[in-house]
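The sequence and structure come first.

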Amino acid sequence: MNMVQYLEDVVAILNLESSGPNFYHNLNSELFDIQAKMLYASRAIILCGLANQRSPEKELQGPVPVTELSSSPYSFYYFQLRPHLKGLQNIHLVIGLIFKTMNKKKFKPIEDELEAILISSFESLDFSLISPESADPKLKEQLNQIFENIFVEINSLLESSNSEKSIFNLGFLVNLSGDESKLAKKLMLFPDGLLLNTLSIDEQNTLNLLEQKGLIEKHESDEGIVIIPQ
Amino acid sequence: MGTTITIFSTRGGSGKTITSVSLASTLSKMGYKVIIIDGDLEAPSLIHLIKPQKPVADLNYWTDYLGAKNLKVEDIINPTKLSNLSIIYSSPPEIGKSFLSKNSQRWWQNALRKSLTTQKKLYEIGYDFIIIDNQSGTSLNSVNNMILADVSLLVVRPASYGVGAAEVFIQEMHSLLKGMKPRKDFFVWNQVPVTDNPEEKTLLNHFLSKWDVKIEELGIEVATVIPFDHMLNLQLLNEITNEIFSLTISMNSSMLEIVDRILKYQNQQKRNGN
Ligand SMILES: Nc1ncnc2c1ncn2[C@@H]1O[C@H](COP(=O)(O)OP(=O)(O)OP(=O)(O)O)[C@@H](O)[C@H]1O
Ligand SMILES: [Mg+2]
């Protein structure tokens, strides 16, 4: 839905060794604008190179601020992967994701998923296309495809985490599990509240699950505890 | 507790508004206290069919009410020429359109919550029936209006493309609305061609009976078949708006049939203790 809006926030860079081939993929015209393109790109790549020094493998690191990239503040996630192949011991891949710092709040909740996406995407890379000195042009094609996929996945992650958890959010409501959805649908019809004691024991158990998800609140009243759908 | 009837369709121009107004006036003439809401925020048309009794500039709209905190429900209820019938208008199309595009999902969540609260208030005020003239198709707005419904009327013109879309729509709608509260969905054939030619009659009946089976499979009942009434059509061309309540007399028998089915359903619900 908001594809463009989210995609513009993210830039991905891949660095194979600080001296080896670099690739970047971006959808951010501000960060990689035409005049300054190579300048920013090379700074980003240096950052990527610095990031690979002692970083643990297959773990999302960051975000770290990258104030030097442009006038508007950016932040940077990085992720290291080593292909465990004969003859490739010295190769490490560092994938950097750069985004506007003001969007940090959006990325925080999806960090775990982001890490999982990076692992699964880059493990599919054909490492036989890489040698310590060079990389086959086919690799670039593969990488571009991977980057595209990552962007799409990040985008949908941001979108789903962005859509509010609420009983009145119908898209969210239908994706709840059977019992929870059933109870949520019932509670929705009482936006001003429903007395807890009108629910069955089973429903009260399900209610606890809804409460854990922040979908209801309980308030005291003269007549007893009232459930307010959120 | 009153009953909310949402009139909807998958395609525009099927006759939702005409059906809403006719049904509302039929019920109010029977002595029920009725309020009709223009829930079609994309193309609100009630304002053209039931002229407001005060200057348009002084009207408060459903759309404003859903979004604003400082309007009370009393501020948006307007009288009509029929003493038992009140109306809530929506804003004219220009405002309506930009309004739809600029409002976010969050806005519609609040609107749903507010609609549900308002529904209760309207029953408290004493309305027996709330009739919602819904927007066609699936939008957050039209789904919100379907959630309010105890009874829905799906108005469809007999054309294969229209009915096919309705089938998909019903299935999707049902999966969302399933288990929410007791509801009864009716199918209304509208603008059904009238002909004396035996061959044409056969063609029409073949079409309708084929769909009757499908409609039944979807758990929906055909409430009525409204013939194409070219007088009604011509009168509407003229926008003889103040005559709207007499103009709809041509639909009377169909409306009585719908009312009959709704009342039967209500009785059945009462017997079941709902
Ligand atoms: N039974 C009928 N016989 C003849 N004409 C009809 C009949 N029902 C509706 N119409 C014609 O179809 C037109 C559309 O009807 P109406 O405005 O009620 O449809 P709608 O579904 O509310 O449309 P929209 O999607 O634009 O809101 C009317 O102007 C009227 O001329
Ligand atoms: Mg209409």
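## Contact between the chains

Buried area is the accessible area, taken with a 1.4 Å probe, that two parts lose on being put together, summed over both. The model discussed here is predicted. In it, chain B and chain A bury about 1,500 Å² between them, and carbon and sulfur atoms account for 61% of that area. Three residues, B:Gln109, B:Arg113 and B:Met180, supply 36% of the area that chain B buries against chain A, more than any other three residues. Counted by residue, 17 residues of chain B are in contact with 17 residues of chain A.

No salt bridges are found by the rule across the interface of chain B and chain A. Polar contacts are present there, with six residue pairs, both residues of each pair being at pLDDT 80 or more. On the side of chain B that touches chain A, the elements that give two or more residues are helix H6 (105–125), helix H7 (140–148) and helix H8 (160–177) of chain B. H6(B) gives the most to this side, with eight residues. By class, the residues of the side of chain B that touches chain A are seven nonpolar, five polar and five charged.

## Helices H1 and H12 of chain B

Within chain B, helix H1 (residues 16–29) packs against helix H12 (residues 252–271) at an angle of about 70 degrees, and their axes are 10 Å apart. Angles of 65 to 115 degrees count as roughly perpendicular, and H1(B) and H12(B) are therefore roughly perpendicular to each other.

The residues of H1(B) that take part are B:Thr19, B:Ser22, B:Leu23, B:Thr26 and B:Leu27. They meet B:Asn252, B:Met255, B:Leu256, B:Ile258 and B:Val259 in H12(B). This contact of H1(B) with H12(B) has six nonpolar and four polar residues, and no charged residues.

## Helices H7 and H8 of chain A

In chain A, the axes of helix H7 (residues 178–188) and helix H8 (residues 201–212) come within 9 Å and cross at roughly 90 degrees.

From H7(A), the residues in contact are A:Asp179, A:Glu180, A:Leu183, A:Ala184, A:Lys186 and A:Leu187. Their partners in H8(A) are A:Glu203, A:Thr206, A:Leu207, A:Leu209 and A:Leu210. The contact of H7(A) with H8(A) divides into six nonpolar residues, one polar residue and four charged residues.

Key. Residues numbered from 1 in each chain as written. Chains lettered and ligands numbered in written order. Predicted model: local features only at pLDDT ≥ 70, side-chain atom pairs only at ≥ 80, totals over all residues. Heavy atoms only, no water. Axes fitted to C-alpha atoms, helices over the stretch in contact; angles between N-to-C directions. Helix = DSSP H or I, 4+ residues; strand = E, 2+ residues; numbered from the N terminus. Parallel < 35°, antiparallel > 145°, perpendicular 65-115°, else oblique. Contact = heavy atoms within 4.5 Å. Nonpolar A, V, L, I, M, F, W, Y, C, P; charged D, E, K, R; others polar. Salt bridge = Lys/Arg side-chain N within 4 Å of Asp/Glu carboxyl O. Polar contact = N/O pair within 3.5 Å; in protein donor to acceptor, adjacent residues only side chain to side chain.
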